[in-house]
Amino acid sequence: MAEETLPPTLQNVLDQKSLKWIFCGGKGGVGKTTTSCSLAIQLASCRESVLLISTDPAHNLSDAFGQKFSKEATLVNGFPNLYAMEIDPTSSIQEMIEQSDQQGGAMGAMMQDLAFAIPGVDEAMGFAEIMKHVKSMQYSVIVFDTAPTGHTLRFLSFPSVLEKALGKISALSGRFGPMLQQMSTMMGAPAGGQEDMFAKLESMRAVITEVNTQFKDPEKTTFVCVCISEFLSLYETERLVQELTTYEIDTHNIVVNQLLFPAKDSNCTHCSVRYKMQQKYLNEAHELYDDFFHIVRLPLLTDEVRGPEKLKQFSKMLVEPFVPDSEK
């Protein structure tokens, strides 16, 4: 490897004190949750307060830390300044619908139908609720443990989808507002019902616009790609990097997880074949990304990384490059 390659650690993320949003993402089963928990633990040692959020419906934070988390930020056992929460974007939409049903009557229902006719808007609304919730909290940095790649990319494109959708709804409210107001009064709905709804949507749009701007600012946001050294995972990582570039979201760290390093005297055929395959894809990753990315190598361990203590141990490898015995 050339001398000028970037250091193989995530120390750069810890050093960049201006970062506010950090995403960890990749294919399913590559160790995103372990990586995001470990990164959050490292950040907790050098930042005032850290919030770790899981937006994956199959929540794994509770399993990783061995502690039950909910949609309220909860202090993680054993840490003075690390909080975690698990959010299901679809349930926050359900709550919003129920609220507007209670408030707006027939009018609210009509506006909802109008809003949800726009593709992707239901998920985007869920995203907006998360962002509104998160923005009201004062944390130094927020780490997202995201759903598998496809969902993550949709999640990151929501600000644009939502801005367009809310723009359309606002335009409609300008044109049809007075007529809707008369209709709702005739139908016996409380006055000002849909105005409240428009005001709510408008305030949501302001939050989304601000978040969108922050996501595209490399000083405030970065994305850590997690993969394993196999063809499909590397292919998915390349797609992820390309799409993040399209969304103008900064990414310059790749974590290659579950690497096998057989002992020098090992005569396990399975291990040596797998080691050769992994090295082949690891070399490809270096060829592709060495100039612009920190490539962090993490070993395949003999036991699961569960519970605060094991996660603390594991997290050290994100900042101190792992050197296998065979290379010492």
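Trp21, Phe23, Phe144, Phe215 and Phe223 come together as one aromatic cluster, where rings of Phe, Tyr and Trp (its six-membered ring) count as a pair if their centres lie within 6.5 Å, with planes under 30 degrees apart called stacked, over 60 edge-to-face and the rest tilted. The model is a predicted one, in which local features need pLDDT of at least 70 and side-chain atom pairs count only at pLDDT 80 or more, while totals for chains, interfaces and linings use all residues. Residues are numbered from 1 along each chain as its sequence is written, and side-chain values use heavy atoms, with hydrogens and water left out.

Twelve aromatic pairs turn up in the structure. Trp21 and Phe215 sit with ring centres 5.7 Å apart and planes at 85°, so this pair is edge-to-face. It links distant parts of the chain, with Trp21 in strand β1 (residues 21-25) and Phe215 in helix α7 (residues 193-215), 194 residues apart; helices (H or I, at least four residues) and strands (E, at least two) are DSSP runs, numbered from the N terminus. Trp21 and Phe215 are both buried, meaning under 20% relative accessible area, against over 50% for exposed and in between for partly exposed (1.4 Å probe, protein chains only). Phe23 and Phe144 make a stacked pair, 4.6 Å from centre to centre with 10° between the planes. Phe23 belongs to strand β1 and Phe144 to strand β5 (residues 141-145), so the pair ties together parts 121 residues apart in sequence. Phe23 and Phe144 are buried too.

Next comes strand β6 (residues 221-228). Eight of its eight residues are buried, so the strand is largely enclosed by the rest of the structure. One side carries Thr221, Phe223, Cys225 and Cys227, the other Thr222, Val224, Val226 and Ile228, and both faces are covered. β6 pairs with β1 in the parallel sense over five bridges (strands pair if DSSP finds at least two bridges between them), and Ile22 has Thr222 as its bridge partner in β6. β6 and β7 also run parallel, joined by five bridges, with Cys225 opposite Ile254 in β7.

As for the helices, α9 (residues 269-289) has 21 residues and reaches 30 Å from its first C-alpha to its last, close to the 30 Å expected at 1.5 Å a residue, a span worked out as 1.5 Å times one less than the number of residues. Buried residues of α9 include Tyr281, Leu282 and Tyr289. The buried residues of α9 pack against α8 (231-246), β7 (253-259) and β8 (294-299), contact meaning heavy atoms within 4.5 Å.
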